[in-house]
Amino acid sequence: MKVGVPNSFCYAGMENFFIRVIPEVLEDSQIIFSGKTTKEMVEYGLKNGCDELCIPAKIFIGHVEYLIRKKNVDVLFLPRLVSVLPGTYSCPKIIGIPDIIKANYCEAKLLVPEINLRKKRKIMSEKSMKNEQLFDFPMAKIAKTKNIMVLAHSYVIFDEFLNKGILETIKNAGYNPIYPAYYRFNSFYISSNLPKEFFWSSARDIYNYFEWAVNNTQIDGVVYLMTFGCGIDSVLQELIMRKCNKVGLPYLCITVDEHCADVGIQTRIEAYLDMIEWRRKSDEKNNISTYG
């Protein structure tokens, strides 16, 4: 049996988990991943996704259609990620993404186990879940100087189509990009100074990483990659922008969408880094900021 798994949106970074768990649920299964996002997948997603969806969810639909059309999978394995960190919920679009796929592809066969750490409900065995992390993203190496913090959901940071190669652009300019790699069961937890914790696990991880990095590392600036149509980003980036203004960190917010051209974003990043470099050389910290 060919089991299709999209490498996108909420399932990005879960490849190792799926490779280990799917054979426990489906015997004699062959796992087929959709791979990196392509322009073809984006067009599939835009064609079949409704306007209210965020761009990562639309691209996810494109991955699914690619698996059905090009790979002829027998079943799609789409766990419902209700809660992947204790005491939190996933974003509503992530929780409902199996239903969205079912509504678009009525004849497709889906397998939808539930992962809900709020209720400790799991379809996988205790052995599969115990002391194991769901997501496996590479951690960023923090340099002593010239760090630029890139904040976004991990499925944006590690999707070259969505991030338009921003990490490489920062590296080529001589800076070291650092970023949160979240959704880890056994990761250390850092409390923020907010009056209340975030309701959504991804927002909590991003903000807590931001606070930890500001207080414990040498950072020259913060870049927030906000995905078009994301409700969590609209709240989170505002809080982070205010905090950056308060502590005097240069801040840049870029909204990414389905457009394929990356020249505009690269130009903005290069101009932003140029201003940081001028600030470093002219000791502008002692003057009124020229960039707001």
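Predicted model: local features only at pLDDT ≥ 70, side-chain atom pairs only at ≥ 80, totals over all residues.
The protein chain comprises 292 residues, of which 52% are buried, and its secondary structure consists of 11 helices and 11 strands. When the contacts in the chain with a separation of 6 or more are considered, 73% of them are accounted for by residues 24 or more positions apart.

Helix α3 spans residues 55-70, and its 16 residues reach 22 Å from the first C-alpha to the last, close to the 22 Å expected at 1.5 Å a residue. The helix is mostly covered, with 13 of its 16 residues buried, and it is followed by N72, whose phi is positive, near 50°.

The packing of two helices is described by the angle between their axes together with the distance between those axes. For α2, which runs over residues 39-48, and α3, the angle is about 110° and the axes lie 7 Å apart. The two helices are therefore roughly perpendicular to each other, since an angle from 65 to 115 degrees is assigned to that class. On the α2 side, the contact is made by E40, M41, V42, Y44, G45, L46 and N48, while α3 contributes I55, K58, I59, I61, G62, H63, E65, Y66, R69 and K70. Sorted by class, the residues in the contact of α2 with α3 are eight nonpolar, four polar and five charged.

K39 is placed in helix α2 and counts as exposed because its relative accessibility is 53%, the cut-off for exposed residues being over 50%. Although K39 and I59 are 20 residues apart in sequence, their C-alpha atoms are 9.6 Å apart in space. K36, in turn, is found in the loop between β2 and α2 and also counts as exposed, at 66% relative accessibility.

Helix α10, residues 231-247, has 17 residues and reaches 25 Å from its first C-alpha to its last, close to the 24 Å expected at 1.5 Å a residue. Its buried residues are I232, D233, L236, Q237, I240, K243 and C244. These residues cover an arc of only 125° around the axis, and so they lie on the same side of α10, whereas R242 and K246, on the other side of the helix, are exposed. The buried residues of α10 pack against β8 (147-151), α9 (201-216), β10 (219-227) and β11 (251-256). The helix is followed by G248, which has a positive phi near 80°.

Most residues other than glycine have a negative phi. Against that background, D28 has a positive phi near 55° in a residue other than glycine, and K164 likewise has a positive phi, of about 55°, although it is not a glycine. Both residues are placed in loops, D28 in the one between α1 (15-25) and β2 (30-33), and K164 in the one between α7 (160-163) and α8 (166-172). In their accessibility, D28 is exposed, with a relative accessible area of 72%, while K164 is buried, with a relative accessible area of 6%.

I265 is buried, because its relative accessible area of 13% falls under the 20% cut-off for burial. With residues up to four places away in sequence not counted, I265 touches K164, I254 and V256. The C-alpha atoms of I265 and N163 are separated by 9.1 Å, although the two residues are 102 residues apart along the chain.

Notes:
Residues numbered from 1 in each chain as written. Heavy atoms only, no water. Helix = DSSP H or I, 4+ residues; strand = E, 2+ residues; numbered from the N terminus. Expected span 1.5 Å × (residues − 1). Buried < 20%, exposed > 50% of the residue type's maximum accessible area, 1.4 Å probe, protein only. Axes fitted to C-alpha atoms, helices over the stretch in contact; angles between N-to-C directions. Parallel < 35°, antiparallel > 145°, perpendicular 65-115°, else oblique. Contact = heavy atoms within 4.5 Å. Nonpolar A, V, L, I, M, F, W, Y, C, P; charged D, E, K, R; others polar. Arc of directions from axis to C-beta.
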